[in-house]
Amino acid sequence: MKHLFIINPCAGKEDSTSAITQRVEAYASSHPDFDYQIYVTQSQGDATRWVSQWCNEHPGQEARFYACGGDGTLNEVVSGAIGHTSIQVSCYASGSGNDYIKYYGTMEDFNDLERLVNGTPHPVDVMKIIYPPAASAANNNADSGSPFITGGGSPRYSINICNFGFDAMVCKVGNDVRRKPIIGGKHSYTTGIIRSIFTSRSNYVRMTVDGQPFFDGHMLLCTLGNGRYNGGKYMCAPLSKNDDGLLEVNLFKRMSLIKFASLIDDYSRGTHINRPDVKRLMLYRQATTVEMASPDPFWLVIDGEMLHSNRYHVENLHHAVTFVSPA
């Protein structure tokens with residue numbers, strides 16, 4: 001099997017290209033049969049392009065791509081590998097969040113190259129997102145009640161969490177400050193929460209789940225998940241299984257600032273779904289398809305990457321990719 005390391009120099013608080021390259025080369029020097037290649041991405045979306053091109057040029061060849069970065073890098077690598085059954089995906093953790101891997105272990109686990117190379121493959125689910133670009137969405141009235149046109153835009157993919165509403169603005173702020181001292185890095189998401197509390201606690205959306213009405217009104221936030229964590233430490237989908245064919249839909253209705261503040265600690269531990277006082281403010285269910293619409297374009301975050309439209313169609317693809325966890 002060929003091992004390909006896709007390094008994102010923009011991931012995390014600092015460029016880790018040199019450190020990762022040295023680690024891989026040192027491993028290869030002590031393992032003569034280790035067939036590897038390193039590629040450093042040049043821009044956003046480059047990992048998807050490069051992985052897809054490599055797979056098309058080597059049809060049927062068994063290979064494993066290691067996303068060397070955070071959730072966004074993993075998202076791009078997965079997006080390039082979709083549809084290629086001989087390809088595996090893993091992660092060498094060097095991002096600021098690395099939320100998806102928390103399903104299997106810690107960043108230290110995913111920085112152990114020996115264990116990664118000898119890791120365990122898992123067929124896992126991936127969400128497919130179809131949306132019209134914002135310019136087209138503006139001409140597509142979300143209040144018309146018409147069904148979502150699934151051919152309206154190029155598909156995107158998410159292996160971990162899609163989120164919108166308050167959470168999306170938190171992510172946007174977090175991305176803006178992730179390389180700043182004190183408020184960035186592992187504190188980026190918390191910084192986003194503090195700033196967004198005053199601007200993004202009421203967001204209108206109309207949703208259907210598996211073709212049935214689910215919610216129509218103003219809400220705080222909503223997450224769709226195959227993974228369990230987002231924002232570095234928040235267990236938004238504690239019941240999620242990433243290989244059962246179902247995504248977890250967790251929507252919080254609009255609430256007071258005091259109630260919201262009281263919820264944050266439980267949200268980080270995943271115990272929010274057990275609080276009786278929260279259940280009346282929360283809608284939760286499992287699903288295979290979800291559709292969201294709003295009169296104005298809104299941000300949807302997929303594994304830390306930002307999309308902008310007023311309509312989204314999300315479909316869960318069962319066992320769409322093989323993910324490798326450390327031995």
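Predicted model: local features only at pLDDT ≥ 70, side-chain atom pairs only at ≥ 80, totals over all residues.
Let me begin with Ser-268, which touches Lys-233, Tyr-234 and Met-235 once residues up to four places away in sequence are set aside, a contact here being heavy atoms within 4.5 Å. Ser-268 has its place in helix 8, residues 257-269, where helices (H or I, at least four residues) and strands (E, at least two) are DSSP runs numbered from the N terminus. The side chain of Ser-268 also reaches the backbone oxygen of Asp-265 at 2.6 Å; a polar contact is a pair of N or O atoms within 3.5 Å, where within protein one must be able to donate a hydrogen and the other to accept it, and residues adjacent in sequence count only if both atoms are side-chain atoms.

Residues are numbered from 1 along each chain as its sequence is written, and side-chain values use heavy atoms, with hydrogens and water left out.

On confidence, the chain averages a pLDDT of 88, and 87% of the residues score at least 70, pLDDT being the predictor's confidence in each residue, from 0 to 100. Over residues 137-152 pLDDT stays under 50, and for that stretch the model has 31 contacts beyond four places in sequence.

Now to the strands. Strand 5, residues 120-130, pairs with strand 15 in the antiparallel sense over 10 bridges, and two strands pair if DSSP finds at least two bridges between them. Strand 5 is also joined by 3 bridges to strand 6, residues 156-158, again running antiparallel. Lys-128 stands opposite Glu-315 in strand 15 and opposite Tyr-157 in strand 6.

Strand 15, residues 305-325, also holds His-319, which has a positive phi of about 55° although it is not a glycine. His-319 counts as partly exposed because its relative accessibility is 39%, given that buried means under 20% relative accessible area, exposed over 50%, and partly exposed in between (1.4 Å probe, protein chains only). Asp-210, in the loop between strand 8 (203-209) and strand 9 (212-225), likewise has a positive phi, near 50°, and Asp-210 counts as partly exposed because its relative accessibility is 31%.

What about the interior? The largest nonpolar core has 42 residues, and those with the most contacts inside it are Phe-65, Ile-159 and Phe-323; such a core is a set of buried Ala, Val, Leu, Ile, Met, Phe, Trp, Tyr and Cys residues joined through side-chain atoms within 4.5 Å. A second, separate core of 25 residues includes Met-207, Phe-214, Met-219 and Leu-307.

Gly-165, in strand 7 (residues 161-165), is buried because its relative accessible area is 10%. Gly-165 touches Asn-203, Met-219, Leu-220, Leu-221 and Trp-299, not counting residues up to four places away in sequence. The C-alpha atoms of Gly-165 and Cys-222 are separated by 6.5 Å, although the two residues lie 57 apart along the chain.

How many disulfides are there? The count comes to 0, taking a disulfide as a pair of cysteine sulfur atoms within 2.5 Å. For Cys-222, the nearest cysteine sulfur is that of Cys-162, 9.8 Å away, and Cys-222 counts as buried because its relative accessibility is 0%. For Cys-236, the nearest cysteine sulfur is that of Cys-222, 10.0 Å away.
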